[in-house]
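Dear colleague,

I am handing over the structure we spoke about, with the sequence beside it.

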Amino acid sequence: MTCRIAYICGKQGLSIIPVLRDITGPENLMVFASASAFPEWAGEHDGIKPVESADRLKVDMKTFRPDIIFVMTYLARLDASLSECSKYGMVNIHPSLLPKYRGGAPIFYALKNGEEQVGVTFHFITAEFDQGDIIHQTTIKVTPQDCASSVWLKVLKKIVAQLPSVIENRSEWASRAKKQDDAFATFVGFPSAQERTLSDLKGAEENLDIIRACGRVTGAPLLINGQTIFVTDASMTHLNADCDDTAAAFISSDNKLIVRVRDGWMRVDAARYNDKAISSWRIIMEVKDNGA
């Protein structure tokens, strides 16, 4: 496919560089990675530059003369006039069903809110974040077993699958583009520490959704006696007669950590402490009893 593509990305966007190279050929791809993403790229650096400044980026775009500018997970605001450096426009690849979840952490908030589907939206970049006309959109099912990590993998697979046809239809983007309906728009930023932290002030379902939203690899923080563990798996539970229903947290007779939440109890099935997976709940007992 003969098409010159300029690609501007953040860390998470690095993963589709090989796909773009396969589609266009390395000589027809120029990648501009954010200052934080560039050192993370471990592959061939030919055709990859760090974004040094907005002015430098515009000069490089005019020199490269791309047919398309794609943007993905690049968190800084881009000058919408960059699109004038390309033949077909500047398109953002956003991991939500726009206009829902405009902003920086759509997958986190979709899972935190218990959404049963997310998606990928290709849309023109305008002066306003995530509000440009949509040129392609596809839906992704979210299962109860999914978390942020698995949903992100689904998003990447969908992007990889859709990119060739989206690029192939570039001459029809302008005529097919659809305006976003602002009546259905929602906006999200980046989650605060409070939004990511498990708490007895939150209900069991809300806490479980936070674990999914943080991802079961890293987990969601839970404070026990001044120490933080990262819960990677948990479930709602009912207390047996021999359980201590007066405590905020305790180890049950079957050696599980039980914590009080707003509407009942939650059992911690897996967690990390000091960057290691907890293999024995004795560690949790020590944290609980000794703050050690």
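Arg176 and Glu172 form a salt bridge in this predicted model, with 2.7 Å between their closest N and O atoms. Arg176 counts as exposed, at 51% relative accessibility, whereas Glu172, at 29%, counts as partly exposed. Elsewhere, salt bridges with shared partners join Lys49, Arg56 and Asp60 into one network. The structure holds nine salt bridges, and two further ones deserve a careful look.

One of these is the salt bridge between Asp182 and Arg102, whose closest N and O atoms are 2.8 Å apart. Asp182 lies in the loop between helix H5 (173-176) and strand E9 (187-188), while Arg102 belongs to strand E6 (residues 102-103), so the pair ties together parts that are 80 residues apart in sequence. How do the two partners stand in terms of exposure? Asp182 is exposed, with a relative accessible area of 51%, but Arg102 is buried, with a relative accessible area of 1%.

The other is the salt bridge in which the side chains of Lys179 and Asp133 meet, at 3.9 Å from N to O. This pair also links distant parts of the chain, since Lys179 sits in the loop between H5 and E9 and Asp133 in the loop between strand E7 (117-124) and strand E8 (134-141), 46 residues apart. Lys179 is exposed, with a relative accessible area of 69%, and Asp133, at 23% relative accessibility, counts as partly exposed.

Turning to the interior, in soluble globular proteins nonpolar side chains tend to be buried together. Here the largest nonpolar core has 69 residues, and those with the most contacts inside it are Tyr7, Ile16, Phe70, Ile93, Phe122 and Leu163. Helix H4 (residues 148-168) gives the most to this core, with nine residues, and the core draws at least three residues from each of domain 1 (5-188) and domain 2 (194-289).

Which strand pairs with E14 over seven bridges? It is strand E11 (residues 227-237), which pairs with strand E14 (residues 264-273) in the antiparallel sense, and within this pairing Ala234 stands opposite Val268 in E14. Strand E13 (residues 257-261) also runs antiparallel to E14, to which it is joined by five bridges; Val261 stands opposite Gly264 in E14, and the two strands form a hairpin with two residues between them. E14 then pairs with strand E15 (residues 276-277), again in the antiparallel sense, over two bridges, and Arg272 stands opposite Ala277 in E15. E14 and E15 form a hairpin with two residues between them, and Asn274 in the turn has a positive phi of about 55°.

With best wishes

Key. Residues numbered from 1 in each chain as written. Predicted model: local features only at pLDDT ≥ 70, side-chain atom pairs only at ≥ 80, totals over all residues. Heavy atoms only, no water. Core = buried A, V, L, I, M, F, W, Y, C linked by side-chain atoms within 4.5 Å. Buried < 20%, exposed > 50% of the residue type's maximum accessible area, 1.4 Å probe, protein only. Helix = DSSP H or I, 4+ residues; strand = E, 2+ residues; numbered from the N terminus. Domains from an automatic or database assignment. Salt bridge = Lys/Arg side-chain N within 4 Å of Asp/Glu carboxyl O. Pairing = 2+ DSSP bridges.
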